[in-house]
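Hello,

Here is the structure I said I would pass on. My notes on it follow below the entry.

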Amino acid sequence: MNRRAISDPKLKIALISPKGPLYRHRGGIWRKSLRYQPLTLTTLAALIPPELPVELELFDEGITDVPPDLDADLVGLTVITGTAMRAYQLADHFRQRGITVVLGGPHVTLIPDDATPHADAIVVGYAEDSWPQLLRDFAMGHLQSRYDQAPGLDLADRPFARRDLLPSRRYLTNNVFEATRGCVHNCDFCVVPSAWGRKPYQKPVEQVVADIRQHGARKLIFVDLNLIADRGYAKCLFTALIPLQVQWYGLATVLLADDAELLELAARSGCKGLLMGLESISPENLRASHKGFNSPEKFVRVVERLHEQGIALQGCFVFGLDQDGPDVFLKTAEFAVEARIDLPRFAIVTPFPNTPLYKRLLAEGRILTKNWELYDGQHAVFRPARMSVEELQRGTESAWKHAYSFRSIARRLRQSPASWAVKVGTNLGYRFYAYNLSRFYNCDWIIGRAPQNPRGRREEPQSESADRGAQAVEQSERLLAPAATSNH
Ligand code: B12
Ligand code: SF4
């Protein structure tokens, strides 16, 4: 059912990516957006059936405000768990105004029932086929309440993302691409197998290359969660990238270092930096998380092999797994420094809804809150086995501070393959982040309420030092832009 009668021959569609505590237009840690342009809205924009006359607007709340009096017939919101509360708030607001609201994305796919009360229609899974179908139904006046990913999804011959519809100058880069979706592994905290299964989906290599060429990208980011999930495909992709002479950054697993041929090909194709989920230095934690292919001894080898090929590593660790006690923070941070990981990152393990980890913690009565706003990798939302919530929270910050002390930075820098300008800039930027996270971290934005800083003052310009830190990251990330997920 469409909520209000459509008189204009053109459908007015607004697509929104809601803000999260750290990632937002005003009051987040960064004065201006330091992110790369996400592909979600621009992909959905490209999928709108060409025969439908539409007037389309895209709003990424990370860089702009959404006008509460927005004029639209249909609003589509993309929902990740950390932004679900904000998405629901916007959805309820627009529905009250009689606008049809559609919700989709990872959170809706993980836990559809949570989203249903806030939407006229939900879209579960990848939407390459269901979103165009939904729009056709809407235009005909018979919108269904739920659309599921069609069986046999094929990513071939899809239109290129409409990157031109978001303002490129507001992002570090809009040279953002994806070649594949999904992952073959089954890590028990990971959203990917729970939401989308373990079948990898792939775009034909020549179409990925054509997209990069038409966009004229020279430095680019792949948002694929595991570019090497299918090694055969990865070999074809890397080989096809060589003649383009691009530099690229992406995500992969440590298994890349076991495959000398693939690693060398990655380097030859222009790979300059990879994000890898190292997760833990405890083999028991890794085994229990079904990520036994990781191991601390291997991490050291991985760094060495990547460095030999001129590739920098952003190594991500999580804290709060069941074997972690209060000594884990310093041990892990010291390990990261000794192993010469170029950019270590630390997060609190987040049991995203309906993952095996979440189900287990729920069964054990250890989930402390279902306030999704706190499901962001920075808050402890469950009772840890061997420490208090407070210890987990504070310890994570102390790990950041240790890894980004000037002494640790100096130790790590010497062997980093990146240029001095890049590695110094990046580390100073991350140092700023490490020392300011708790100052800026807050969840106080509510629609209709002016954002406040943690000390309760009204929004005001950030300090000069904050600005300098943000500028340092901006400069460095322009050169070494890492993919920005921690939970891989
Ligand atoms: C870019 C990105 C970001 C960006 C922007 C977020 C965003 N809203 O897109 C930034 C940097 C802000 C970010 C931050 C975080 N992210 Co992030 N991010 C990504 C990333 C790498 C790419 C997104 C993308 O462009 N995908 C490509 C598009 C085409 O795919 P898609 O978004 O899934 O969209 C398809 C379908 O889902 C569907 N769909 C999606 N939305 C909608 C909406 C409608 C209306 C419809 C019809 C369909 C639909 O249609 C699309 C086509 O099929 C994904 C991983 C990935 N590869 O998807 C993680 C991912 C979305 N992030 C994730 C996480 C965990 C985080 C962080 C918590 C990490 C951290 N600790 O900092 C923070 C959250 C901070 C916060 N609370 O605000 C998780 C989400 C898990 C969850 N349950 O929430 C993901 C899936 C990665 C993972 N580890 O599994 N992230
Ligand atoms: S954590 Fe990484 S390797 Fe594990 S299932 Fe998720 S995407 Fe795959």
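This is a predicted model: local features need pLDDT of at least 70, side-chain atom pairs count only at pLDDT 80 or more; totals for chains, interfaces and linings use all residues.

The expected span of a helix is taken as 1.5 Å times one less than its number of residues. With 13 residues at 1.5 Å a residue, H2 should span 18 Å, and its end C-alpha atoms are 18 Å apart, which agrees.

Which residues of H2 are buried? They are Ala84, Arg86, Ala87, Tyr88, Leu90, Ala91 and Phe94. An α-helix has 3.6 residues a turn, so residues three or four places apart point the same way. The buried residues of H2 pack against strand S1 (11-17), strand S3 (74-78), strand S4 (100-104) and helix H3 (106-110). Just after H2, Gly98 takes a positive phi of about 85°.

Next, the sheet that includes S1, S3 and S4. This open sheet has 6 strands in the order S2-S1-S3-S4-S5-S6, and the pairing is parallel. Strand S2 (54-60) and strand S6 (146-148) are at its edges; each has a single partner strand, so one side of each is left without a neighbour in the sheet. On average, neighbouring strands of this sheet are turned by 15° against each other, direction ignored. H2 packs on the sheet, where it touches S1, S3 and S4, and its direction makes about 160° with that of S4.

S7 is joined to strand S10 (residues 219-222) by 2 bridges, and the two run parallel. Here Val176 has Ile221 in S10 as its bridge partner.

Last, the nonpolar packing. The largest nonpolar core has 136 residues, and Leu103 and Val123 are the ones with the most contacts inside it. This core draws at least three residues from each of domain 1 (11-148) and domain 2 (246-257 + 266-479). What does Val123 touch, not counting residues up to four places away in sequence? The contacts of Val123 on that count are Val102, Gly104, Val108, Ser130, Trp131, Leu134 and Tyr147.

Regards

Methods:
Residues are numbered from 1 along each chain as its sequence is written. Chains are lettered from A and ligands numbered from 1 in the order in which they are written. A nonpolar core is a set of buried Ala, Val, Leu, Ile, Met, Phe, Trp, Tyr and Cys residues joined through C-beta atoms within 7 Å. A residue is buried if 20 or more other C-beta atoms lie within 10 Å of its own, exposed if 12 or fewer, and partly exposed in between; C-beta atoms are placed from the backbone. Domain bounds come from an automatic or database domain assignment. Two residues are in contact if their C-beta atoms, placed from the backbone, lie within 7 Å. Two strands pair if DSSP finds at least two bridges between them. Helices (H or I, at least four residues) and strands (E, at least two) are DSSP runs, numbered from the N terminus. Axes are lines fitted to C-alpha atoms, for helices over the stretch in contact, and angles run from 0 to 180 degrees between N-to-C directions.
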